[in-house]
Amino acid sequence: MDLLNTLVDKGLRRELPTREEALAVLATSDDDLLDVVAAAGKVRRHWFGRRVKLNYLVNLKSGLCPEDCSYCSQRLGSTAGILKYTWLKPDEASQAAAAGLAGGAKRVCLVASGRGPTDRDVDRVSETIKTIKEQNEGVEVCACLGLLSDGQAERLREAGADAYNHNLNTSEGTYADITTTHTYADRVDTVQKAHAAGLSACSGLIAGMGESDEDLVDVVFALRALDPDSVPVNFLIPFEGTPLAKEWNLTPQRCLRILAMARFVCPDVEVRIAGGREVHLRTMQPLALHLANSIFLGDYLTSEGQAGKADLEMIADAGFEVEGADRVTLPEHRTAAGAGCGSHESAGCGSHESAGCGSHEGGGVCGSAAVAPTGEPRTDLVAVRRRGAGTDLAPNA
């Protein structure tokens, strides 16, 4: 297919595809899907080999968010039966992080629900970052706290944070349809603040909220222009008790096409499969590793993921390897020059579900529930997290 040959050539040169080419990837047929995966896989392997970076989420403060993000189980007015608790103490957060690190994660993503941190919150998180770094040599720490005020990104950087996550989530044109308590411009501003402070910017999207192909291309092109080092791709988990509970718009094939499009547009960044992979990719998850070079290990913010052991077995069975702490994730030209998304125009957590992290987070569980007939919503795969941070039970890692 001429389209795919062109996209591979552009990806190897870090050249931006046209909008028409990106839209054409999303419009390919299921008959052509393996060809699309193979083509995007060439770009992925060129920049990242067969390495898979593991990330681990720690929900520092769960629920009771004043923002009205329609996708989020922690939103204002949500009746989802999630865990609700206030700030974890630094030692509690470090203990939670240790489980993920023991499972092979090299980055810990510290997330807190809310519009954005107060200065006191920044002090709290700074102490947590220092504790985790002191107790775990070489760990990367990403903070996901919502909209940042002037000077807060710099304080997090001084405390030892390596990255900051804040997702754009959807296109500028449709942003007001999913959130009214803050704007798309607010989110862009926070990503720019993280960049300016010397933090590695992490920003991604949520697919499956009823958006069009044009919306998906718009947000991925906007991300390329913002130049993050990490682009988490979330697939909506339609939590009961949220406005988007009935939005079951994704198939495994569409998820793969979205990931492939993201890889072609942002060829040399860390593309991360984030919330919802278990629910929407299901048995096709191993194919997605040919497109993305990063995943979350174990559970998410308010929902359960598949067993951490199953994640590791999937990576090995698919012929990939867990990226060790001694390896630098990004290609040398990005780490040396500070360029991003292949654009050279400016200098990740992101599981969709909190307003703060911008991560939707979702996730499914391994179990013996009966399989739903083809085409029906897989509500059996959505399970609220009842273990790990904020509970007395061991985490899934």
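The model is a predicted one, in which local features need pLDDT of at least 70 and side-chain atom pairs count only at pLDDT 80 or more, while totals for chains, interfaces and linings use all residues. Residues are numbered from 1 along each chain as its sequence is written, and side-chain values use heavy atoms, with hydrogens and water left out.

Helices (H or I, at least four residues) and strands (E, at least two) are DSSP runs, numbered from the N terminus. Eleven of the eleven residues of strand 1 are buried, so the strand is largely enclosed by the rest of the structure; buried here means under 20% relative accessible area with a 1.4 Å probe, protein chains only.

Strands count as paired if DSSP finds at least two bridges between them. Strand 1 runs parallel to strand 2, with six bridges, and Tyr56 has Val108 of strand 2 as its bridge partner. Three bridges tie strand 1 to strand 9 (residues 294-296), again parallel, with Lys53 opposite Ser294. Strand 10 (residues 321-322) is also parallel to strand 1 and is joined by two bridges; there, Val52 stands opposite Val322.

Then there is helix 5, residues 119-135. Its 17 residues reach 25 Å from first C-alpha to last, close to the expected 24 Å, which is 1.5 Å times one less than the number of residues. Buried residues in helix 5 include Val122, Val125, Ile129 and Ile132. The buried residues of helix 5 pack against strand 1 (51-61), helix 4 (90-102), strand 2 (107-112), strand 3 (140-144) and helix 6 (152-159), where contact means heavy atoms within 4.5 Å.

Terms used: Buried < 20%, exposed > 50% of the residue type's maximum accessible area, 1.4 Å probe, protein only.
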